[in-house]
Amino acid sequence: MSKTPLVFAASTAFLLWLGFKKYRARGSVSFNDSDFLPNRSQLPVTVSDWSNLLDLEDELDNKIGAKWGLLHDLFLKKYQLKLWFNEHLCTQRPWPSDTSLPKPNGFNTLCHANTTKSIARWSSWGPMNGAQHVARTSSGCDVIVRVITSGGVGNNFREIQRFLNQTPDILLSTNHVLPMLEEIVFEDITFGVFPRLDDTLESIFRNSRQNSVEDALYAIMEALEGIVYLHEHHIAHQFHPESLIRRAVVRPRVYIIDFEDAVMFSPDTNPTDMRVSKFPRPLELCGRPQPPEVYQPESYCPFKLDMWQFGDTLQPFKSGFDEVSKIFEAMVKSVPEERISAAEALRRLDTFVQSQPPNVLHKPFPGECTEYVESKTGPAGKLVFVDKTSSVVLASKLQQVADGTTLALAASAALILWLKSRKTPSQESDAQALSIKLPERSELPNTIEDWRDLFDLYDELDNKIAAKWCLLDDLFRKRYGVKLWLSEHLCEQEPWPDDSRLPKPNGFNTLSHANTDHCISRWPHWCPRNGAQHVARTSTGCDVMIRVITSGGIGERHREIQRYLNRAPDILLSTNHVLPMLEEMIFEDITFGVFPRLDATLSDVFSRFYKTSVGDALDMIMQALEGVVYLHEHRIAHQDLFMANFVVQWQPESLLKRAIARPRVWIIDFEDAVMFEEGTKVEDMKVARFPRPLEECGRPQPPEVQFGSYCPFKLDVWQFSSDIKRFKSGFVEVSQVFEDMNKEQPDERITAAQALARLDSFVREQPPSSLHQAFPSFT
């Protein structure tokens, strides 16, 4: 039976940090005036003073550790942030008691191709300057704390960052600004808290990374997409996929960071008046060459400056294609009026890439790529990968290049999601301490099936879902920081009137750039498919899906498989498409799983309402298969692998408006899944009986499930293809793959890995423009 998607999906794993605020209800340490706080005079005065704490001329004097350490009590007790240990002026590490990898958050994805190196590198961090520090949240996620204002300096930076963090814009798929998760204020100092990403755009060009020309071009285009977004909003910044080792379907996302030197004009400013009279810092302190106009006494256009800075960053990249080189050259013309805009550069690059079969671009850089001179302040150092480049942040070594610029690539949807917090050993004593009103166990449904049956369409006026779930409201709010949505009707749940209609960004809940108004109007409404699910909002403003996993002694296998899939480092891998479980909430024998809420499923991709192209659909099908291959490699068969159990980050609708970034696909609902012990022989990986009565499935099933034991992996392939084969792409090669997955005889079916390899081979031989077309038909 195909069950309701628990949450919406997209580009790599989700457990992120939530408790930036003080959780009295969750047992956080209290903070009051008697706690130790430093005198303001003990801390650096201006932002520049903070930056200068990184004094390489006196490395033995660890000024960063000394000054940031004074704020330890404030960050830990009031904001649930534990600063990393300053082992040395140039090195910060997790404390010895907490050296595990961080929890997933939708940003910190590990490269599938060079995982060991990624794991080793994550556990240490060298600050670019003394105004930044890594910290770990109480829920186990790593963040960067950065000084934004101090001593009256930085107010412009703070206002621009706040403007960029507004909803719904921060949730848009084409917005590549790394979200600010929280502001922390101490007297005149404002600290911004951001997701920690580990790679910048510059690193993609390093000879030590096995990146292809294709990897680099998509990262550059995501960065340009982010710059276009900024320039359209009158903001000037001023400022490693390694697919040659092993390719993945998803690409890393690029984010823009560091708006300290940015300038923003009001919407009614005449374009000819959008000029800056003086460069924001002394030119001798820039650490990078700058265009000729900033050395002149006249005012200059900061948008033209952005293009020169970004284009200068790209000069060392030799793609081997004249068309690409000419675009980069047009970005760095000496005369500002002769430079192309970010939109024009993106259009020309995209046109070129769309005309080339991906296999043509999947090659190493010709010759040696010029190495960058190490610099702490260049424009490429402000674009971050959710894997790496100096000014752009890569979100994951192969997750999805979303938006970049010379701002430290960030995420198109802010990263505040909620996760777990500490629990007291005894639920009963905890409840008493927090004054929690607990229901009697007998007042709640007994088994999971009883929970499902709360959704009773034969008696819609009796809202059984609201009546039973509300009994747990006090427990969820006070112990776990989760507030159930209002359920006024059996078929509809929505945020409470005093809550905002849209959630905070979390790396999962991205809005489509193509049909934004529809997405905004649909988000605050949810109709449950059964009574075992309920939407909630966390205390930090993120929406989650709560699902009953165990109840009445049923569901233990589901819980164990979900826990296994949630382990680090695997849950952080770019090729792992399992939607993370953020938290387990327990009441007596009932386990509730908390997941990111996502709003679209793979089924929606083929709806006539959405203007999805053949290329969009094939990319998402291949992501889904990549996720299935991951499960099968780990001896896990899903056994309910229909399209409704794949959730999608957003609908691309590229036939309406194309974006460079791609939505990520996630797999949900492991209730019927089975996992075999390591070392089990392939021929012994059989299931004796289908997990539920066939008449209750609501879906056709393959013949073998009616006759004794069967191979659950062959079942997965049949179930997935029975939905997908209705998709008519217009390409015989694609249809043949789906037919070979759906053979009646299990032994004749191809595997998920074979299906992915054949589809990938076909797609990479086609110019992307040939796939940018509507479906010929869909049954």
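In strand β20, Thr591 is the bridge partner of Ile586. That pair belongs to strand β19 (residues 583-587) and β20, which are joined in the antiparallel sense over 5 bridges. Everything described here comes from a predicted model, so please read each value as computed from that model. The two strands form a hairpin with 2 residues between them.

Strand β18 (residues 543-550) runs antiparallel to β20, and 6 bridges join them. Within that pair, Val548 stands opposite Phe592 in β20. On to the next pair: strand β17 (residues 533-538) and β18 are antiparallel too, with 5 bridges, and here Val535 stands opposite Met545 in β18.

How many residues of β20 (residues 590-596) are buried? The count is 7 of its 7 residues, so this strand is mostly covered, given that buried means under 20% relative accessible area.

The buried residues of α14 are Asp474, Leu475, Phe476, Arg479 and Tyr480. Just after α14 comes Gly481, with a positive phi of about 65 degrees.

**Another five-stranded sheet**

Elsewhere in the chain, an open sheet of 5 strands has the order β1-β4-β5-β7-β6, again with antiparallel pairing. At its edges are β1 (81-83) and β6 (182-186); each has a single partner strand, so one side of each is left without a neighbour in the sheet. Neighbouring strands are turned by 35 degrees against each other on average, direction ignored. β1 pairs with strand β4 (residues 132-137) in the antiparallel sense over 3 bridges, and there Leu81 has Thr137 in β4 as its bridge partner. Helix α5 (residues 155-164) lies across β5 (142-149), β6 and β7 (189-195), at about 130 degrees to β5.

**Two helices side by side**

How do helix α18 (residues 614-633) and helix α19 (residues 712-724) run relative to each other? Their axes come within 11 Å and cross at roughly 170 degrees. The two helices are therefore roughly antiparallel to each other. Ile621, Ala624, Leu625 and His632 in α18 meet Phe713, Asp716, Phe720 and Ile724 in α19. By class, this contact has 6 nonpolar, 1 polar and 1 charged residues.

**Backbone details to look for**

Most peptide bonds are trans.

| Cis peptide bond | Omega |
|---|---|
| Thr167 to Pro168 | near 5 degrees |
| Ala568 to Pro569 | about 5 degrees |

You will find Pro168 in the loop between α5 and β6, while the place of Pro569 is in the loop between α16 and β19.

Gln639 is another residue other than glycine with a positive phi, near 70 degrees. Gln639 sits in the loop between β22 (636-637) and β23 (646-648). Is Gln639 buried or exposed? Its relative accessible area is 2%, so Gln639 is buried.

Finally, visit Asp215 in helix α6 (residues 213-232). Asp215 is buried, with a relative accessible area of 10%. Its side chain reaches the backbone nitrogen of Ser212 at 2.8 Å. The C-alpha atoms of Asp215 and Phe205 are 9.8 Å apart, and these two residues are separated by 10 residues along the chain.

Terms used:
Residues numbered from 1 in each chain as written. Predicted model: local features only at pLDDT ≥ 70, side-chain atom pairs only at ≥ 80, totals over all residues. Heavy atoms only, no water. Axes fitted to C-alpha atoms, helices over the stretch in contact; angles between N-to-C directions. Helix = DSSP H or I, 4+ residues; strand = E, 2+ residues; numbered from the N terminus. Parallel < 35°, antiparallel > 145°, perpendicular 65-115°, else oblique. Contact = heavy atoms within 4.5 Å. Nonpolar A, V, L, I, M, F, W, Y, C, P; charged D, E, K, R; others polar. Pairing = 2+ DSSP bridges. Buried < 20%, exposed > 50% of the residue type's maximum accessible area, 1.4 Å probe, protein only. Polar contact = N/O pair within 3.5 Å; in protein donor to acceptor, adjacent residues only side chain to side chain.
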